[in-house]
Amino acid sequence: MTKGKKIGVGVLVLLVAIQLVRPTRNLGNDQTHDISTKYPVPPNVAQLLKTACNDCHSNYTAYPWYTNLQPVGWWLQHHVDEGKEKLNLSEFTTYRPYRQFHKLEETIEMIKEGEMPLNSYTWVHTDAKLTEEQKALLTNWAQSVHEAMRREYPADSLVRPKKN
């Protein structure tokens with residue numbers, strides 16, 4: 001066997017072997033602490049969140065078939081893990097008020113600036129590309145939650161405490 005064939009066989013064996021190492025899937029569907037349990041989420045906003053946000057920013061991801069192919073599945077799971085670390089709508093009510101308030105500010109800013117959803121997500125999920133009208137709908141909803149928080153909580157509870 002030539003050196004090139006040995007390398008090819010080695011690569012093939014490696015590709016087959018990595019298929020056995022699967023990331024843990026994000027398939028929890030507990031809604032106990034979901035943002036919708038505390039703040040109203042109109043059906044049209046809920047649909048947009050489901051289409052453009054929840055795969056990476058909730059405890060439930062709808063996985064496409066190609067996530068069964070490694071290393072693609074690892075890469076996508078990394079995106080999901082990062083997204084949930086930044087904002088998890090399924091755990092939103094577990095956040096302290098100042099964190100909820102700040103996450104809403106970030107959400108509004110990132111949607112307005114076109115940073116969310118990620119381009120790498122919308123390449124495949126073309127239905128997740130937000131129109132200007134959809135961006136306005138999401139940001140207006142987030143702003144309304146933001147304003148509801150201002151009415152509900154004392155102002156000092158919406159600011160992150162300074163570290164001593």
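Predicted model: local features only at pLDDT ≥ 70, side-chain atom pairs only at ≥ 80, totals over all residues.
Numbering starts from 1 along each chain as its sequence is written, and side-chain values use heavy atoms, with hydrogens and water left out.

**Aromatic pairs**

- Rings of Phe, Tyr and Trp (its six-membered ring) pair if their centres lie within 6.5 Å, with planes under 30 degrees apart called stacked, over 60 edge-to-face and the rest tilted. By this rule there are three aromatic pairs.
- One of them joins Tyr 39 and Phe 92: with ring centres 6.4 Å apart and planes at 80°, the pair counts as edge-to-face.
- That pair links distant parts of the chain, 53 residues apart: Tyr 39 is in the loop between α1 (3-18) and α2 (43-52), and Phe 92 is in the loop between α4 (72-86) and α5 (97-112). Helices here are DSSP runs (H or I, at least four residues), and strands are too (E, at least two), numbered from the N terminus.
- Tyr 39 is buried at 4% relative accessibility, and Phe 92 is buried at 1%. The cut-offs are under 20% relative accessible area for buried, over 50% for exposed and in between for partly exposed (1.4 Å probe, protein chains only).
- Phe 92 also pairs with Tyr 95, this time tilted, at 5.7 Å centre to centre and 55° between the planes. Tyr 39, Phe 92 and Tyr 95 make up one aromatic cluster.

**Charges over rings**

- A charge sits over a ring if NZ of Lys or CZ of Arg is within 6 Å of the ring centre and within 35 degrees of the ring normal.
- Arg 99 puts its charged end over the ring of Tyr 95, 3.9 Å from the centre.
- Arg 25 lies over the face of Tyr 63, at 4.4 Å from the ring centre.

**Nonpolar core**

- A nonpolar core is a set of buried Ala, Val, Leu, Ile, Met, Phe, Trp, Tyr and Cys residues joined through side-chain atoms within 4.5 Å.
- The largest one has 25 residues, and those with the most contacts inside it are Tyr 39, Leu 49, Phe 92, Leu 138, Trp 141 and Met 149.
- Helices α2, α5 and α7 are the elements that give two or more residues to this core, and α7 has the largest share, with five residues.
- Leaving out residues up to four places away in sequence, Trp 141 touches Ile 35, Pro 40, Val 41, Pro 42, Val 45 and Leu 49. Contact means heavy atoms within 4.5 Å.

**Thr 139 in α7**

- Thr 139 is found in helix α7 (residues 132-152), and at 6% relative accessibility Thr 139 is buried.
- The Thr 139 side chain reaches the backbone oxygen of Ala 136 at 3.3 Å.
- Beyond four places away in sequence, Thr 139 touches Ile 108, Ile 111 and Lys 112.

**Cysteines**

- A search of the whole structure turns up zero disulfides (pairs of cysteine sulfur atoms within 2.5 Å).
- For Cys 56, the closest cysteine sulfur is that of Cys 53, 9.4 Å away, which is too far for a bond.
- Cys 53 is buried at 16% relative accessible area, and Cys 56 is buried at 16%.

**Leu 15 in α1**

- Leu 15 lies in helix α1 and is partly exposed, with a relative accessible area of 42%.
- Leu 15 and Lys 163 are 148 residues apart along the chain, and their C-alpha atoms are separated by 48 Å.

Definitions and conventions: Polar contact = N/O pair within 3.5 Å; in protein donor to acceptor, adjacent residues only side chain to side chain.
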